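Hello,

Here is the structure I promised to pass on.

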Number of protein chains: 2
Amino acid sequence: MGAHQDRVDLVIKRLKQKGCRITPQRLAIIRILAESNVHPTVEEIYERVRVNFPTTSLATVYKTVSVMKELGEVLELEFSSDQNRYDGHNPSPHPHCICVKCRSIVDPELGSLAHITRELASGTGYRILSHRLDFYGICPKCQGES
Amino acid sequence: MGAHQDRVDLVIKRLKQKGCRITPQRLAIIRILAESNVHPTVEEIYERVRVNFPTTSLATVYKTVSVMKELGEVLELEFSSDQNRYDGHNPSPHPHCICVKCRSIVDPELGSLAHITRELASGTGYRILSHRLDFYGICPKCQGES
DNA sequence: TTATCTGCAAAATGTTTGCATGCAC
DNA sequence: GTGCATGCAAACATTTTGCAGATAA
């Protein structure tokens, strides 16, 4: 029962509404995603699920994350040179700070991008559905170690 | 001799300064990247190079693009679910509009993100090196076809 | 001349898929 | 009981690497 139980319950409700079944593995994955603020990879989720459910397969984690992504309950940050990262704590688009040394990802405080998005939509004629804003740099911890 | 000859010459000069050799294949790749505004994939560059140099291999295109990326002469847009896209016309970070239907990518007119970057750096303690801002939506052409 | 580049093939990486079995509902 | 989920292995897509021969400077 962490502070994230509400989010866990909400995700379960929405998955059930769509006809999905809540298996022990899925429950564990949902919890990890809801409770984590480190934007884990599928591998990291897999390792954590296997602490309690050692027979869980990587494919199951991929499949569950994929279902949650399709339902909009997890935000995927794609990387071609690395594993994708997932945010199930706050699945709506928001800025990220990504450390190029330790690959940590944090959510910065930043004013809304709504006005930028509007400016862009009117300037280009695009119907904007989503966005991605990543800042790449060196985190305070890695700056201290350099 | 297009309007992009200056950029081609500049990239050649910088590659030479770093001890790189300008082979016919590399010259063709540099030209394609400098002249193109469609943010091509490596495959697309490869197909275009092969019109004039049919023996060129995909590995050579990957290697040349990688060298240019390391020298900061091409901007890489990573995708895990698709091929990466490359901007050799303007290699400094800038916003992109990506159509989720036809996968076209255009550079929108948008005010600088410098103030947002400053706000973010002071708020998080990160030393910001770069950023990525993608807007995902439906382009005017695909809206008309829907 | 010689260090770099090319082209081929193989490897590596991350992710997806097919299918028989198992289990949530 | 039914149909979705699991777990395994194989397939897949993209990118990278190793190396022998070719070539730009």
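Let me start with helix α6 (residues 140–145) of chain A, which holds both A:Glu145 and A:Lys141, four residues apart or about one turn of the helix. Helices are DSSP runs of H or I with at least four residues, strands are E runs of at least two, and both are numbered from the N terminus. A:Glu145 makes a salt bridge with A:Lys141, with 3.5 Å between the closest N and O atoms; the term means a side-chain nitrogen of Lys or Arg within 4 Å of a carboxyl oxygen of Asp or Glu. A:Glu145 is exposed at 56% relative accessible area, and A:Lys141 is exposed at 58% (exposed is over 50%, buried under 20%, partly exposed in between; 1.4 Å probe, protein chains only).

This is a predicted model, where local features need pLDDT of at least 70, side-chain atom pairs count only at pLDDT 80 or more, and totals for chains, interfaces and linings use all residues. Residues are numbered from 1 along each chain as its sequence is written, chains are lettered from A and ligands numbered from 1 in the order in which they are written, and side-chain values use heavy atoms, leaving out hydrogens and water.

In chain B, B:Glu73 and B:Arg7 also form a salt bridge, at 2.9 Å from N to O. B:Glu73 sits in the loop between α4 (58–70) and β1 (75–77), and B:Arg7 in helix α1 (residues 5–17), 66 residues apart. Both B:Glu73 and B:Arg7 are buried. B:Glu73 pairs with B:Arg14 as well, at 2.8 Å.

Best wishes
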